[in-house]
Amino acid sequence: MSESSDAITGASILLDQVTKQYPGQAKPAVGGLTLEIPAGSIVMFVGPSGCGKTTTLKMINRLIEPSSGKIVINGEDVTKMDGDTLRRRIGYVIQAGGLFPHMTVAANIAIVPKMLGWNKEKISARVDELLELVSLDPAIYRDRYPKELSGGQQQRVGVARALAADPPVLLMDEPFGAVDPITRQRLQDELLNIQAEVQKTIVMVTHDFDEAVKLGNWIAVFDEGAQLVQYDSPERILANPANEFVENFIGSGAGLKQLTLTRVNEVDLVDAITALPGELASDVLSRLQGSGQQQAVVLDSRRRPVRRLSRRQLSRLQIIDDTVDDSMPLVSDQSTLNDALDTMLVSSSETAVVTGRRDVFRGLINVQTIMEAISQANSAATADSDAPVGLNSGAIPALAVENAIAADSSGEANGQAEPQSTGESR
Amino acid sequence: MFEFVGERFRQILFASWQHFSLVAQCLILATIIAVVLATLVYKNKSLSSLANGVSAIGLTVPSFAAIGLLIAPFGFGVTPAVIVVTFFAALPIVRNAIVGLAGISPSIVESARGIGMSRFRTLVTIELPMAWPVILSGIRVSAQMVMGVAAVAAYALGPGLGGFIFSGLSRLGGAKAFDSVLVGVIGVVILAFILDLILIGIGRLTTPRGIRV
């Protein structure tokens, strides 16, 4: 696995008055959209189906050619350059990974590096590195075919393939739509871990607002014709929905959505009594009684939790064995409190075991911690205002203009990113 | 019968080889033509159904008549034989190639384009390999069919086992005429069987494990 670094390798993206008009249709699919996507951030496109969010995404890598407008990536106008060359520099992930069934996992990942003319050693080293990055053991999975993988594993390979040539931008079109909720939660956590390492600019389309809140640094809420209704941080969209449309989209449980905003690693974890296989059960029991806790966590040799033992179970045991309990409530420290609460409810347990990088044990999280976090989050003010610019020209809803002006003036006031010219609207 | 085979063993072997070689070469040619044709039309619904229609009608043309018609412009010999065999061989392959290419999920093609493969590269490295098992089953159908068509080609003095059949039929009732027809027919059946085995083997070798059924 590559060394983690804090350097942003992503590129900024600017859509400048981009329009997509299909012949024979009265209304444009995307109407005069201007959108700024800051480098190294995750921007989520949400909106009802058919609102043009996927069309917008596909115009960034020009799978769909814009009818008018400009697309600028890292200051370079890419609207006129060769589409295939452009797409080799942009990672692209679709639902279920879009893997090629007649190629092995390694061959799938190697496609873009091959097209870019890398040599064999470099490619095979890169394939192994990427498989490690997405938590698949290269020795096991390198030579498998997509149909020999589970849905979640296919999705991971899809992400690895998109990252193969280290592109600054990653476009994801409902990538986690086709997997079960538990796998989805895990893939989301992993994506956040990967993003912490690679710092790409990620643009993702989703119809799941919870997913948008969990993953996004910024959320763009679209209405029909890719009309941008609100473009802001998850905190502020939840606290301050721009209008009824956004409110309806968020759904009624906005207060509870705050749970999605806080991650397990942001709250205080409870220490636990740990035990290793081979220890005497009576030793562990006396430590447990000393601490006043109910359960001890058994770790394996790499400090990964394998099961929990209650006092009663310990008193029956002689020596602690290395049985693995798959039903133990387990969350990653990248999970949201929402995920953690969910996991606890499913396993009817008051606490869940928290793991960090490479599944190493971090501590326990309990229901009280989560409740405290909710009340804190509700009272916390979200005052900062450095939202990137986004609006539509033409039939501009008054709201978008207000937002744009607000964003513009604050941008100037802070001496930050250039406010983007929007032509006739200024 | 055995006497007949014994007397003309070398001649039969040679004719069999020629027959086989004619079919194999025409099959390769037909595959190339059919795949090129299919890639030109499969994106377009009306062109695809036109190609399928032509292929269906083409199969109703009696091969004997077709070869007769071709003698006028091309004369006797190998040329009309190759044209007729290739024509008939291409028909089932075109159909299967169109079905195979059109059956590939659009999301696969989109993801190929999305990671920067050109239209041509997508066709050659993604679509054709994925459609290959379907195309190959078309080739197998073709191979069986044109083994018989190639026998008819002997009417235009083309190469192969058809010579035994025609010379036997023309002297039916004469000495060893029936043996001659029988040798031709059985030879064709054996060759068809061998070719099918070879094609199955090719299928095994060229179909990646990931798309084997």
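Let me start at one glycine. Just after helix H6 of chain B, Gly116(B) takes a positive phi of about 95°. Keep in mind that this is a predicted model.

Stay with that helix for a moment. H6(B) covers residues 106-114, and its buried residues are Ser111(B), Ala112(B), Arg113(B) and Gly114(B). What do they pack against? Within chain B, helix H7 (119-152). Across in chain A, H2 and E6.

The contact between the chains takes 18 residues from chain A and 17 residues from chain B. On the chain A side, three elements each supply at least two residues: helix H2 (83-88), strand E6 (90-94) and helix H3 (105-115). By type, that side of chain A divides into eleven nonpolar, three polar and four charged residues.

Now the rest of chain B, quickly. Its secondary structure comes to nine helices and zero strands. The C-alpha atoms fill a box of roughly 70 × 40 × 20 Å along the principal axes. Of its 213 residues, 38% count as buried. Take the contacts in chain B with a separation of 6 or more: residues 24 or more positions apart account for 75% of them.

E6(A) runs parallel to E7(A), joined by five bridges. One pairing to find on screen: Ile94(A) has Asp173(A) as its bridge partner in E7(A). E7(A) also pairs with strand E8 (residues 201-205), again in the parallel sense, over five bridges. There, Val169(A) has Thr201(A) as its bridge partner.

Is E7(A) enclosed or open? Five of its five residues are buried, so this strand is largely enclosed by the rest of the structure. Both faces are covered. Val169(A), Leu171(A) and Asp173(A) are buried on one side, Leu170(A) and Met172(A) on the other.

Next, helix H6 of chain A, residues 151-163. The helix has 13 residues and reaches 19 Å from first C-alpha to last, close to the 18 Å expected at 1.5 Å a residue. Eleven of the 13 residues are buried, so H6(A) too is largely enclosed by the rest of the structure. Among the buried ones are Arg156(A) and Arg161(A), along with Gln153(A), Gln154(A) and Gln155(A). Which elements do the buried residues pack against? E6, H3, helix H4 (120-133), strand E7 (169-173) and helix H7 (181-198), in chain A.

Last stop: a second sheet to look at in chain A. This one is open, with five strands in the order E5-E4-E1-E2-E17 and antiparallel pairing. Strand E5 (76-77) and strand E17 (390-392) stand at the edges with a single partner strand each, so one side of each is left without a neighbour in the sheet. Strand E4 (residues 68-73) runs antiparallel to E5(A), with two bridges between them. In one of those pairings, Val72(A) has Asp77(A) as its bridge partner.

That is the tour.

How values were computed:
Residues are numbered from 1 along each chain as its sequence is written. Chains are lettered from A and ligands numbered from 1 in the order in which they are written. This is a predicted model: local features need pLDDT of at least 70, side-chain atom pairs count only at pLDDT 80 or more; totals for chains, interfaces and linings use all residues. Two strands pair if DSSP finds at least two bridges between them. Helices (H or I, at least four residues) and strands (E, at least two) are DSSP runs, numbered from the N terminus. Two residues are in contact if their C-beta atoms, placed from the backbone, lie within 7 Å. Ala, Val, Leu, Ile, Met, Phe, Trp, Tyr, Cys and Pro count as nonpolar, Asp, Glu, Lys and Arg as charged, and the others, Gly among them, as polar. The expected span of a helix is 1.5 Å times one less than its number of residues. A residue is buried if 20 or more other C-beta atoms lie within 10 Å of its own, exposed if 12 or fewer, and partly exposed in between; C-beta atoms are placed from the backbone.
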